Amino acid sequence: MAKKIHIYDITMSNGEQFKNIRIEGSISRNYSGIATDFIPVENTQGQTVELVKYQILKAELVDIEE
């Protein structure tokens, strides 16, 4: 079964916003707990960006692709 791609708009604690961030599976399921501090995400230009999960203020789910 293929994983769904979740698309988020993410707001960081410094006010920086990342729009249409694509993550395989839900952000809360993949990155809960203390084992992972950095979250690799793909931005709209196709570049991988590492976000620090403790600096994320809001991750708003925009869409889910099958």
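## Salt bridges

Glutamate 60 forms a salt bridge with lysine 58, their closest N and O atoms lying 3.9 Å apart, where a salt bridge is a side-chain nitrogen of Lys or Arg within 4 Å of a carboxyl oxygen of Asp or Glu. Glutamate 60 counts as partly exposed at 43% relative accessibility, and lysine 58 is partly exposed at 45%; the terms are buried for under 20% relative accessible area, exposed for over 50% and partly exposed in between, with a 1.4 Å probe and protein chains only. This is a predicted model, in which local features need pLDDT of at least 70 and side-chain atom pairs count only at pLDDT 80 or more, while totals for chains, interfaces and linings use all residues. Residues are numbered from 1 along each chain as its sequence is written, and side-chain values use heavy atoms, with hydrogens and water left out.

By the salt-bridge rule the count comes to four. One of them joins glutamate 66 to lysine 4, with the closest N and O atoms 3.9 Å apart; glutamate 66 lies in the segment after strand E5 (56–65) and lysine 4 in the segment before E1, so the pair ties together parts that are 62 residues apart in sequence. Another joins glutamate 65 to arginine 22 at 3.0 Å between the closest N and O atoms, and this pair links strand E5 with strand E2 across 43 residues. Helices (H or I, at least four residues) and strands (E, at least two) are DSSP runs, numbered from the N terminus.

Strand E1 (residues 5–12) and strand E2 (residues 17–24) pair in the antiparallel sense over six bridges, pairing being assigned if DSSP finds at least two bridges between two strands. Arginine 22 in E2 is the bridge partner of isoleucine 7. The two strands form a hairpin with four residues between them, and glycine 15 in the turn has a positive phi of about 95 degrees.

## The nonpolar core

The largest nonpolar core has 13 residues, of which Ile10, Phe18, Ile23, Ile27, Val41 and Leu51 touch the most other members. The elements that give two or more residues to this core are E1, E2, strand E3 (38–42) and strand E4 (48–52). Such a core is a set of buried Ala, Val, Leu, Ile, Met, Phe, Trp, Tyr and Cys residues joined through side-chain atoms within 4.5 Å. Leucine 51 touches residues including Ile10, Phe18 and Val41, not counting residues up to four places away in sequence, where contact means heavy atoms within 4.5 Å.
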